[in-house]
Structures are given as C-alpha cells and as structure tokens.
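Here is a short walk through one protein model. Keep the sequence and the 3D view side by side as you read.

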Amino acid sequence: MQNISRRKWLQKSLLASTAVLIGSRALAFDFGETPTSTYAFKELLRLNWNENPYGPSQSALEAATKALKSANRYPDALNNKLIEAIATKLGVKNEEVMITAGSTEVLSLLGQHAGLLSGEIVTPWPSFPTMMHFGKVSGASVKHVPLDNEDRLDLNAVLKSIGPNTRLLFICNPNNPTSTEVDPESLRSFCRSVPENVLICVDEAYIEFSSHGAKASMMPLVKELPNLIVCRTFSKAYGLAGMRLGYAVSQNINISELSKRHNGYGMATSVASVAGALAALEDPGFIKMCVTENAKGRQILYDAFDQWKVAYNKSSTNFVYARAEHFVPDVVEKLSEQNVMITKWPIMKNHIRISIGKPEHMSQFVQIVESFLS
Ligand SMILES: Cc1ncc(COP(=O)(O)O)c(C=O)c1O
C-alpha cells in the first residue's frame with residue numbers, strides 16, 4: 001500500500017468530508033417516524049437493508065448489556081480481545097486485523113486511499129457502492145465493469161479492465177445487490193492474477209450465506225497475497241447491524257497504513273458493541289440457525305415468484321434480486337405506503353431487491369405484494 005503525506009491526506013480528506021456531509025443529508029434516516037427498535041411490527045415489514053431478523057443472539061445481547069456497566073472506560077482492552085479472537089478464528093496474526101465501526105469504515109478508508117493517489121477503482125457493476133462513493137469524492141476515478149449475463153461478477157472482464165492508473169479493485173462476493181456469487185476457485189485464481197501494485201478488496205459481508213460454505217472465503221489467501229484485503233461485518237449473519245462492527249484482514253503493511261488514517265484511531269467501537277461481537281463469535285449455533293431460517297424465508301419468496309413467473313436470481317445471501325416488470329411500475333412506493341420497505345437503487349435498472357425476514361414475514365410480504373402484480 002502506498003504512503004501518502006499527511007498534508008495531502010488532510011487537504012483531500014477535508015474536501016471529501018464536506019462532500020460526504022452534504023451528500024449524507026439525502027440519506028438521513030428519520031428514526032422518529034420509522035420504528036426500528038424491533039424488527040417486525042404488525043404494520044411494518046423492513047425488507048430493505050438486509051438486516052438479520054433474528055439478531056442479536058441472546059448471548060450477544062447479554063454480553064453487550066453487561067458491558068454497558070463499563071461504559072465509563074475506553075474500549076481499548078476489549079478491542080484487543082476482539083482482534084485476538086478474530087485473528088485466532090481466522091488463523092492470522094493480530095496485527096493483520098483492524099476492527100472498525102461497520103465495514104463501511106474499511107470501504108470508505110480504501111476508497112479515500114485510491115482518491116488520494118488520484119487512482120482508479122475498478123468495480124463490477126452493479127455492486128455495493130460505498131467504496132466508489134468515497135473514492136470519487138476524494139479524487140479517484142471509477143471504472144464500472146458490467147456483470148455477466150447471469151448477474152455474476154465477470155472476473156475476466158475485470159482483469160482486462162485493469163489499466164496503468166488502477167489502484168484498487170472492489171470485489172463483493174456474494175454480490176450486493178444481485179445476490180449471486182462466483183465459484184471460489186475462479187475467484188482465487190483471479191486474485192492471484194491481479195498485479196501486485198493493485199489492491200484487491202474482497203467484501204465478504206454475506207459470506208456466511210454462501211452456498212459454498214467456508215471454502216467461499218478468500219481469507220486464506222491473505223498470507224499469500226500482499227495486495228489482498230478482505231473485509232467482513234457483524235451486521236448481517238451475526239445480527240449486530242445497529243452495533244456497527246466490521247473488520248478488515250490483510251498483511252500488516254496494509255493494516256498499519258489504513259490504521260494511520262482511521263478516524264476512529266482504533267477506538268471507533270463501543271464497549272457494548274465489542275463485547276456483543278465477542279460473544280457472537282463464540283455462538284456458531286446462532287449463525288447456523290439464521291442461515292437455515294433465511295433459506296426457509298427465501299424459499300417462500302421463490303415459490304411465489306415461480307408461480308407468478310417473476311424472474312429472480314437464486315440467492316447466496318439474505319436478499320433476493322428480482323425483475324420488476326411483473327409488478328406495477330411504482331411497486332416500491334406503493335409498498336412503502338403500506339409500511340413495507342424494499343429496495344430499488346437507480347443502478348438496479350429493472351430490478352427490485354427484497355431482504356429476507358422470518359418465514360412469517362415473507363408469507364405476509366407475498367400476500368401484500370401480490371396486489372401489485374401488473
Ligand atoms: C456488501 C456490503 N458491504 C458492506 C456493507 C456495510 O455493512 P456495515 O457497515 O454495516 O458493516 C453492506 C451493508 O449493507 C453490504 O451490503
């Protein structure tokens with residue numbers, strides 16, 4: 001990872017942060033109007049942000065609640081414990097792990113890194129846009145590489161798109177919003193083929209839902225490839241989205257470079273979130289239950305879509321990406337009038353994305369959305 005002078009960082013980061021502050025107004029979420037404290041209200045189906053309807057687990061909740069008694073203390077000691085627990089679980093060194101307030105922080109740091117170098121970010125498209133947003137506002141250019149005909153990452157096309165100014169690749173696998181995944185072996189050989197001066201960020205936010213199980217992860221490649229950064233989150237399968245905890249794993253040279261510019265300065269997390277995450281890591285039964293139940297909820301949606309002949313991608317995640325044509329054109333707005341939230345980003349063109357709730361939520365959703373078939 002290239003060094004960037006502190007002055008340049010400050011200049012660029014001020015520019016970038018102004019843009020982010022202005023931009024974020026559009027994203028403001030009014031918690032006063034939209035109840036979020038529990039998942040399923042009779043009047044609300046929150047199927048828009050790929051959250052976990054089961055979380056947090058009992059053990060995470062208890063640990064987080066207990067930790068609040070230490071809320072007068074900085075979280076440094078607990079952070080170190082979490083870093084060690086993650087490193088042990090993944091078989092890497094402590095100094096190869098960085099914990100952040102959600103993986104959004106890792107993606108933004110990496111995007112800004114590419115921007116400070118006035119470099120190019122190459123990304124399959126559509127994909128999760130956070131890194132590219134932060135890259136652009138910090139001075140990076142972005143090259144979009146279309147997905148293949150089955151909405152999967154086109155790894156060969158990404159390789160061919162790497163140019164002299166490319167500094168960073170964003171590889172989201174499984175991919176948000178399309179819910180597809182690539183074959184792990186192809187991804188491994190892709191990562192090995194990327195030139196060493198180009199960083200690869202593999203975003204594994206949904207890896208626990210992969211149909212390939214643990215082999216889907218690129219984590220074991222971190223030892224081998226100095227240009228690989230894998231990021232993960234506690235927001236999805238672990239059910240801790242509101243706790244804001246994510247992490248990056250990479251060789252120490254990258255982690256220490258990222259850490260220098262980490263606004264949280266190694267302390268962006270809270271004692272409660274770290275204690276919750278520590279407990280969650282030790283509760284694989286909870287993840288297994290969530291993955292199993294997610295598949296049941298997903299099947300309810302598949303069955304309805306099959307019956308209505310709505311085309312969709314088989315999902316390796318906790319959401320489903322479906323063609324929108326069979327529904328009325330303003331289906332998202334119509335649903336939201338009934339307090340049913342689903343997603344349609346402009347980059348999704350003719351698709352909608354539905355997060356998977358508990359099976360009963362999906363049955364309820366199917367009943368409601370049926371009235372908006374066109
Ligand atoms: C692919 C992907 N990466 C990263 C994130 C950010 O997650 P968080 O900041 O909650 O860890 C999300 C959130 O939806 C996501 O879908």
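Helix 3 and helix 9 run roughly parallel to each other, because their axes cross at roughly 25° and angles under 35 degrees count as roughly parallel. This is a predicted model. Helix 3 covers residues 76-90, and helix 9 covers residues 271-281. Their axes come within 9 Å. The crossing of helix 3 past helix 9 is left-handed. On the side of helix 3, the contact is made by Leu78, Asn79, Lys81, Leu82, Ala85 and Lys89. Helix 9 brings Val271, Val274, Ala275, Ala277, Leu278 and Leu281. Nine residues of this contact are nonpolar, one is polar and two are charged.

Now step back to the whole protein. Its secondary structure comes to twelve helices and eleven strands. The protein has 374 residues, and 45% of them are buried. Take the contacts between residues at least 6 apart in sequence: 75% of these join residues at least 24 apart.

One pair shows how sequence and space can part ways. Asp303 and Val366 are 63 residues apart in sequence. In space, their C-alpha atoms are 9.6 Å apart. Asp303 sits in helix 10, which spans residues 284-308. Is Asp303 buried or exposed? Asp303 has 12 other C-beta atoms within 10 Å, so it is exposed.

Helix 5 gives another view of burial. This helix spans residues 130-137. Six of its eight residues are buried, so helix 5 is largely enclosed by the rest of the structure. The buried residues are Thr130, Met131, Met132, Phe134, Gly135 and Val137. Just after helix 5 comes Gly139, with a positive phi of about 110°.

A cis peptide bond joins Trp125 to Pro126, with omega about 0°. Another cis peptide bond links Asn176 and Pro177, where omega is about 20°. Pro177 belongs to the loop between strand 5 (166-172) and helix 7 (184-193).

Ser118 has a positive phi, near 50°. Its place is the loop between helix 4 (103-116) and strand 3. Ser118 has 13 other C-beta atoms within 10 Å, so it counts as partly exposed. Arg244 has a positive phi too, near 60°. Arg244 lies in the loop between strand 7 (228-233) and strand 8 (246-250). How exposed is Arg244, and why? Arg244 has 19 C-beta neighbours inside 10 Å, so it is partly exposed. A residue needs 20 or more such neighbours to be buried.

Finish at the ligand. How many residues surround the ligand? There are 13, and the closest are Gly102, Thr104, Ala205, Thr233 and Ser235. Thr104 falls within helix 4 (103-116), and Thr233 ends strand 7 (228-233). By class, the shell around the ligand holds four nonpolar residues, eight polar ones and one charged residue.

Methods. Residues are numbered from 1 along each chain as its sequence is written. This is a predicted model: local features need pLDDT of at least 70, side-chain atom pairs count only at pLDDT 80 or more; totals for chains, interfaces and linings use all residues. A residue is near a molecule or strand if its C-beta atom, placed from the backbone, lies within 6 Å of it. Ala, Val, Leu, Ile, Met, Phe, Trp, Tyr, Cys and Pro count as nonpolar, Asp, Glu, Lys and Arg as charged, and the others, Gly among them, as polar. Axes are lines fitted to C-alpha atoms, for helices over the stretch in contact, and angles run from 0 to 180 degrees between N-to-C directions. Helices (H or I, at least four residues) and strands (E, at least two) are DSSP runs, numbered from the N terminus. Angles under 35 degrees count as roughly parallel, over 145 as roughly antiparallel, 65 to 115 as roughly perpendicular and the rest as oblique. A crossing is left-handed if the near helix is turned anticlockwise from the far one by less than a right angle, and right-handed if clockwise. Two residues are in contact if their C-beta atoms, placed from the backbone, lie within 7 Å.
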